[in-house]
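Dear colleague,

Please read them with the model open.

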Amino acid sequence: AASTSLRRRSGVDDDYGARSPCATSWVVQAMRASSPARSAAVDEYAAWTRKHPSALASFEQIAASAKGKQVVVFLDYDGTLSPIVADPDTAFITGEMREAVRGVAKHFPAAIVTGRCVEKVCSFVGLSELYYAGSHGMDIKGPGSNVRHLRRRSSCNLLASSSRSSSTRLWWRRPRARRGPGWRTTSSASPCTSGA
Ligand SMILES: O=P(O)(O)OC[C@H]1O[C@H](O[C@H]2O[C@H](CO)[C@@H](O)[C@H](O)[C@H]2O)[C@H](O)[C@@H](O)[C@@H]1O
């Protein structure tokens with residue numbers, strides 16, 4: 001009865017939906033009014049996923065674009081390699097995920113870029129073959145090396161991983177006048193132990 005009444009009020013023909021643009025608009029408005037409001041966060045997320053589609057859904061395209069190029073893999077830690085949990089000290093990576101990352105690092109230089117300090121993320125991940133950029137890029141560690149802290153924080157910008165000469169390493173570009181070693185190496189030994 002309700003749908004009959006709606007059809008009558010909207011001017012939709014009982015047989016095959018012959019409708020005027022005006023009536024269609026009325027129906028759409030009525031449906032919108034009776035639906036729960038979408039939250040701004042849902043709309044924002046939908047817009048974000050349209051702009052940043054899943055890499056898995058575009059895998060063939062990515063593989064084709066990468067052909068003949070040096071691929072370097074940058075990974076986030078929290079919420080990517082580990083689940084988001086209430087206590088940051090228990091955001092552990094699973095053994096399966098660790099093995100997946102280990103597999104990636106066998107084929108490409110692989111880095112974890114995180115807001116956490118390098119020591120912490122290294123102790124969680126436990127793979128010494130990775131590059132780690134901790135504290136949002138202020139602390140860097142490469143395979144088998146100690147942690148390097150940026151000396152003059154305000155004058156440097158993290159570019160990306162770059163291959164220079166024979167060794168591939170994360171590096172910082174400094175303003176031209178100040179170019180020079182942008183690192184200081186801690187005396188602490190590498191915190192990464194071979195993954196359990
Ligand atoms: O750059 P990320 O690797 O994504 O790190 C960002 C922050 O991650 C951690 O906080 C987040 O994960 C926690 C554990 O799941 C969660 O409890 C918290 O609500 C999240 O914000 C980490 O504790 C921060 O230090 C990082 O900056």
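A residue is called buried under 20% relative accessible area, exposed over 50% and partly exposed in between, with a 1.4 Å probe and protein chains only. By that rule Phe124 is buried, with a relative accessible area of 8%, whereas Phe92, at 47%, counts as partly exposed.

This is a predicted model, in which local features need pLDDT of at least 70 and side-chain atom pairs count only at pLDDT 80 or more, while totals for chains, interfaces and linings use all residues. Residues are numbered from 1 along each chain as its sequence is written, and side-chain values use heavy atoms, with hydrogens and water left out.

The structure holds two aromatic pairs, where rings of Phe, Tyr and Trp (its six-membered ring) pair if their centres lie within 6.5 Å, and planes under 30 degrees apart count as stacked, over 60 as edge-to-face and the rest as tilted. Tyr77 and Phe124 are stacked, at 5.9 Å centre to centre with 25° between the planes. Because Tyr77 lies in the loop between strand 1 (73-75) and helix 5 (95-107) and Phe124 in helix 6 (residues 118-125), this pair ties together parts 47 residues apart in sequence; helices (H or I, at least four residues) and strands (E, at least two) are DSSP runs, numbered from the N terminus. The rings of Phe92 and Phe124 have centres 5.3 Å apart and planes at 80°, so that pair is edge-to-face.

With regards
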